[in-house]
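Hi everyone, thanks for coming. I'd like to walk you through one structure today, so please have a look at it while I talk.

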Amino acid sequence: MSDKAPTHRRAIRSFVKRAGRLTTSQQRALRKLWPTWGIDYAPEPLDLDEVFGRAAPRVLEIGFGNGDSLVEMAAGSPETDYLGVEVHEPGVGHCLIGIDTAAITNVRLIMHDALEVLENQLAPGSLARVNLYFPDPWPKKRHHKRRIVNDSFLELVASRLVAGGTLNIATDWENYAEHIDETLAASPLFSLDAQREHDGSEPLDRPATKFETRGLRLGHRIRDWRFRRA
């Protein structure tokens, strides 16, 4: 498989940037903590060794929500560096507060479209793992084209993973789970390493998330996968 990224990707966004109300503490965090833990988007590859001040395995989390689970994973694995990408300011502000409270140094945040970050800011073979937890399911059939999991996404992720790196996914939407199963089964870039269906009691290689809790309240089952770059 070539490490070269796809030469183009769809213009359709896999997210809608909703207007969210920033609390005073989140505004303060964005103003005071972003210069330390935030990375401004620019269409050029990052030197992650320079960013984190060391060489270490790197994990990318796409759409980290409020960042609680990202902070928990980083605090529990100080030997690993975590890069979180999110487009919603309140979630980024909340995560910055969490980083500061936990007094951890192995997390950096980018507030931008994750696909553009993957394509332009991350070098081939720079990641050990990519986490995609509870992405927008776009449940209406006419919106399925907006789902982030598709062939071009898998090609891009595979190009950024080291050999043997993993793509970890979770969803609480049954129809999206079927789509993920079908899309990954047809891809020559990944092989299924582990799969789990549960009621919130057995998350795979991750802590519980806010969106998972919301899905469980709706009576949804949780599906977790770990795919390994083939």
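Let's begin just after helix 5, where Ala 103 takes a positive phi of about 55°. Please keep in mind that this is a predicted model.

Now step back into the helix itself.

Which residues of helix 5 are buried? They are Pro 90, Gly 91, Val 92, Gly 93, Cys 95, Leu 96, Gly 98 and Ile 99. The cover over these buried residues includes helix 1 (24-32), helix 2 (34-37) and helix 4 (68-76), and strand 3 (107-110) is also among the elements there.

On to the aromatic rings. How many aromatic pairs does a search of the whole structure find? The search finds one. Trp 225 and Phe 227 form that pair, with 6.5 Å centre to centre and 15° between the planes, and it is stacked. Are these two partners buried or exposed? Trp 225 has a relative accessible area of 1%, so it is buried. Phe 227 is at 4% relative accessibility and therefore counts as buried too.

Finally, some charges over rings. Arg 147 lies over the face of Tyr 176, 4.6 Å from the ring centre. Over the ring of Phe 211 sits the charged end of Lys 210, at 4.9 Å from the ring's centre.

Notes: Residues numbered from 1 in each chain as written. Predicted model: local features only at pLDDT ≥ 70, side-chain atom pairs only at ≥ 80, totals over all residues. Heavy atoms only, no water. Buried < 20%, exposed > 50% of the residue type's maximum accessible area, 1.4 Å probe, protein only. Helix = DSSP H or I, 4+ residues; strand = E, 2+ residues; numbered from the N terminus. Contact = heavy atoms within 4.5 Å. Phe/Tyr/Trp six-rings, centres within 6.5 Å; stacked < 30°, edge-to-face > 60°. Lys NZ or Arg CZ within 6 Å of the ring centre and 35° of its normal.
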